[in-house]
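I opened the notebook to look up a hairpin, a helix and a pair of packed helices. My entries follow the order in which I looked.

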Amino acid sequence: MTIWNNIYSHFDPIAFFVFGIPVHWYGLMYVLALLIALLVAKIFMRLDHYPISSTLLDSYFIWVEIGVILGARLGYILFYDPYTTYYLSHPWEIFNPFDRQGNFVGIRGMSYHGAVIGFLAASLWFARIKQVNFWLFMDLAGLSIPLGYVFGRIGNFLNQELIGRETINGIGIYVEGVLRHPSQLYEAFLEGILVFIFLYFWRKRKHFIGEIGILYGIGYSFMRFVAEFFREPDSQLGFIAFNWLTLGQLLSLLICGFCVVLWFYKLAQTPKSAHSKGNYKNG
């Protein structure tokens with residue numbers, strides 16, 4: 001386990017340079033996550049006979065990616081960044097990839113919960129403009145996001161960020177001399193792989209269009225709540241209550257609660273005779 005425990009000592013988060021600009025493994029993993037999500041969406045679109053054309057899906061993908069990037073960055077500024085006031089008074093700095101000395105450092109600081117808000121806003125706008133079924137796209141997104149998310153968390157691990165809490169377990173890795181949980185990989189497994197497996201099998205017994213998307217929200221939020229117990233709280237925030245509750249857990253609880261209420265509401269509005277059998281060909 002020695003090599004694993006000291007993996008950061010033998011690994012460079014920078015993959016290569018392009019004209020002197022560093023390209024990080026995180027960026028590559030992020031691109032791979034997007035491509036995997038799109039590929040999975042196209043597979044299930046055909047497998048489950050979604051009444052969505054490939055061209056429409058490609059268009060939707062562009063819309064939500066813009067929404068995700070904007071939401072993730074703005075969410076971090078509002079929820080986590082200690083310099084929120086500065087960025088709000090200097091909005092042009094929010095997406096500035098250069099530091100004060102003019103060095104390229106990339107855009108750092110993204111919030112998953114902010115990304116969710118941006119994703120939903122873009123999806124609602126897309127559905128209204130294109131006059132398509134919003135919930136149909138939520139089902140497809142619920143199936144395609146988890147596996148893409150796995151690579152996003154692997155990117156966090158390779159970028160040596162969002163580190164775990166201290167541990168004495170042999171699976172831990174040394175981060176600046178401290179043995180810590182590889183919490184990014186825990187999240188990849190819990191919030192990505194496990195959620196995907198559950199939704200993969202549930203999709204054939206769904207009760208209404210949109211259920212897969214709602215269950216993704218419940219599944220992700222619950223798994224994120226659990227994973228946060230192994231993740232080091234943000235240094236600028238720490239625990240926000242009870243000496244154990246993190247902001248990530250609070251936001252996850254709010255999203256989970258909302259999705260649970262929404263699931264019961266839509267289930268009550270759906271006649272038993274209208275329950276789907278997992279195929280979208282007829283509705």
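For the helix pair I took the axes as lines fitted to C-alpha atoms over the stretch in contact, with angles that run from 0 to 180 degrees between N-to-C directions. I also kept in mind that the model is predicted.

Entry on H3 and H6. With that definition I read an angle of about 75° for the packing of H3 and H6, whose axes lie 12 Å apart. Angles of 65 to 115 degrees count as roughly perpendicular, and the two helices H3 and H6 are therefore roughly perpendicular to each other. I then listed the residues that meet: Leu 56, Leu 57 and Tyr 60 from H3, and Phe 137, Met 138, Leu 140 and Ala 141 from H6. Sorting the residues of this contact gave me seven nonpolar, no polar and no charged.

Entry on H2. I followed H2 over residues 25-47, where its 23 residues reach 32 Å from the first C-alpha to the last, close to the 33 Å expected at 1.5 Å a residue. Which residues of H2 are buried? I noted Met 29, Ala 33, Ile 36, Ala 37, Leu 38, Val 40, Ala 41, Lys 42, Phe 44 and Met 45. These buried residues pack against H3 (54-79), H6 (134-158) and H7 (183-202). After H2 comes His 49, and I recorded its positive phi, near 55°.

Entry on the hairpin. I found S1 (residues 14-18) and S2 (residues 21-24) running antiparallel and joined by four bridges, one of which pairs Ile 14 with His 24 in S2. Two residues lie between the strands of this hairpin, and Phe 19 in the turn has a positive phi of about 55°.

Key
Residues are numbered from 1 along each chain as its sequence is written. This is a predicted model: local features need pLDDT of at least 70, side-chain atom pairs count only at pLDDT 80 or more; totals for chains, interfaces and linings use all residues. Side-chain values use heavy atoms; hydrogens and water are left out. The expected span of a helix is 1.5 Å times one less than its number of residues. Buried means under 20% relative accessible area, exposed over 50%, partly exposed in between (1.4 Å probe, protein chains only). Contact means heavy atoms within 4.5 Å. Two strands pair if DSSP finds at least two bridges between them. Angles under 35 degrees count as roughly parallel, over 145 as roughly antiparallel, 65 to 115 as roughly perpendicular and the rest as oblique. Ala, Val, Leu, Ile, Met, Phe, Trp, Tyr, Cys and Pro count as nonpolar, Asp, Glu, Lys and Arg as charged, and the others, Gly among them, as polar.
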